[in-house]
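Hello,

Here is the structure I promised to pass on. Please open it alongside these notes.

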Amino acid sequence: MKRLTWHEFDARITKAQAKFSARAAAGIPKAEQFKGGAHGERVTARVGVLLGLAFLICFVTGLLSHLIQHPPSWFFWPSRPVWLYQVTQGVHVLSGIAAIPFLLAKLWSVYPKLFERPLVRSVPHAVERLSILVLSGAAFFELSSGLLNVAQNYPWSFYFPQVHYAVAWVAIGSIFVHVAVKLPVIRRALTRERAPVEPSGRGLSRRGFLATTGIATGAVVLATAGATVPALRNVSGLSWRSDKGSQKLPVNRTAVAAQVTQTARDPGWRLAVVTPVGTRQLTLAELRALPQTTVDLPIACVEGWSQMATWRGVSFPDLLRAAGSLPGVDVRVSSLEKTGLYGVSTLPGEHTADARTLLALELNGEVLNLDHGYPCRVIAPSRPGVLQTKWVAMVEVR
Ligand SMILES: Nc1nc2c(c(=O)[nH]1)N[C@H]1C(S)=C(S)[C@@H](COP(=O)(O)O)O[C@H]1N2
Ligand SMILES: [Mo]
């Protein structure tokens, strides 16, 4: 190898540096580079409308799910149709997934503006930029945390639902502010007969960009919808949880994880039904001797997967009557599980009056296995999976 003189070496370094700085400079986006149809006001407004709609639907269905899990006194959620929660939560997860490509497309269409200098021109300009920062941050957080939750099953445990819920208000609030502030631009972009001077240049055309966004959105929705739409089960490569699982039903928390393998199999197990007239202790044999009801109901997890199954067991109206109480009262259900966050749930009167709300003993024609809640578990129509308490030990009239 030829030895370089110091001068030669220095010259090479200088040249490399110059080349590097030129590349770096080229990497910083300049407004002129973003003149394709994909960056026009009309694209931003159209994608914005889709994004806003997806967010609104996602927000409303998410709020419903939150209210069902933390019902204020004024709230009422019907037990029929049995698939109601399955649909609202499926729509929640799918609209959230659809919003991801819309959000990326919207950011792309305004990309150069995000790097505008000077950073702040005036007080209203500063407020506008700050609101966009809050909006994109909140939207990004909601979509990514929701997606991770769907994929990984509660990586943040209790923390996730609370934060996801709180940030949802920030997101929807900043969307309203943003739409209000941009209303003149949105109106101009969406209604003008004669197109405003469309930026022209290289890159995707407006139509091309919108079509790409649409195709990307359709693809991600199709890829995941099989988790809750039976007809799409074989189409959806990414339907994380489907009908694969013991007794043809996915399992979220196993008996081993819940540390109930001993207590659930204990022959001394009794179901305690506590009512104002006293406590009735029932053995498994006694539960089996009560009238049995068979019903097809879905488990619809808050994560978005759902699966229909045939359940058989004692209906809550029958159980309550057997213990000397009346159907239609609120009851608290406690599990043998002492460690997790989902060991206790409250069934509202609407559900305990419904003969399709069961303390299930069988699933798809077999005795419930340990992972599905043996010796007995709650299965109620139109309820989040998280409230379908497994390994039940006690039912208390409140
Ligand atoms: N005791 C107890 N019950 C529970 C849970 C739990 O963690 N502990 N998980 C719930 C959740 S999140 C869902 S989606 C359903 C799933 O029921 P499966 O495992 O029988 O499909 O059980 C619910 N019942
Ligand atoms: Mo769940």
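**Ligand site**

In this predicted model, a backbone N or O atom of Asn252 lies 3.4 Å from an oxygen atom of ligand 1. Gln388 also uses its backbone: an N or O atom there is 2.9 Å from a nitrogen atom of the ligand. Lys390 reaches ligand 1 through its side chain, with a polar atom 2.6 Å from a ligand oxygen. The protein covers 99% of the 540 Å² of accessible area that ligand 1 has on its own.

The shell holds 20 residues. Lys390 is among the closest, together with Pro250, Arg253, Glu337 and His372. By type, the shell divides into 10 nonpolar, 6 polar and 4 charged residues.

**Nonpolar cores**

Now the packing. The largest nonpolar core has 31 residues. Leu271, Leu287, Phe316, Leu319 and Leu359 touch the most other members. At least two residues of this core come from each of these elements: strand 1 (271–275), helix 8 (284–289), helix 9 (316–322), strand 5 (331–335), strand 7 (358–363) and strand 10 (392–397). Strand 10 gives the largest share, 4 residues.

Take Phe316 as a place to look. Leaving out residues up to four places away in sequence, Phe316 touches Val331, Val333, Leu347, Thr352, Thr357, Leu358, Leu359, Val378 and Val395.

Another core, of 25 residues, lies apart from the largest one. Its members include Leu67, Phe75, Cys301 and Ala360. As a general rule, nonpolar side chains in soluble globular proteins tend to be buried together.

Best wishes

Notes: Residues numbered from 1 in each chain as written. Chains lettered and ligands numbered in written order. Predicted model: local features only at pLDDT ≥ 70, side-chain atom pairs only at ≥ 80, totals over all residues. Heavy atoms only, no water. Near = heavy atom within 4 Å. Polar contact = N/O pair within 3.5 Å; in protein donor to acceptor, adjacent residues only side chain to side chain. Areas by Shrake-Rupley, 256 points an atom, 1.4 Å probe, with all protein chains shown as cover. Nonpolar A, V, L, I, M, F, W, Y, C, P; charged D, E, K, R; others polar. Core = buried A, V, L, I, M, F, W, Y, C linked by side-chain atoms within 4.5 Å. Buried < 20%, exposed > 50% of the residue type's maximum accessible area, 1.4 Å probe, protein only. Contact = heavy atoms within 4.5 Å.
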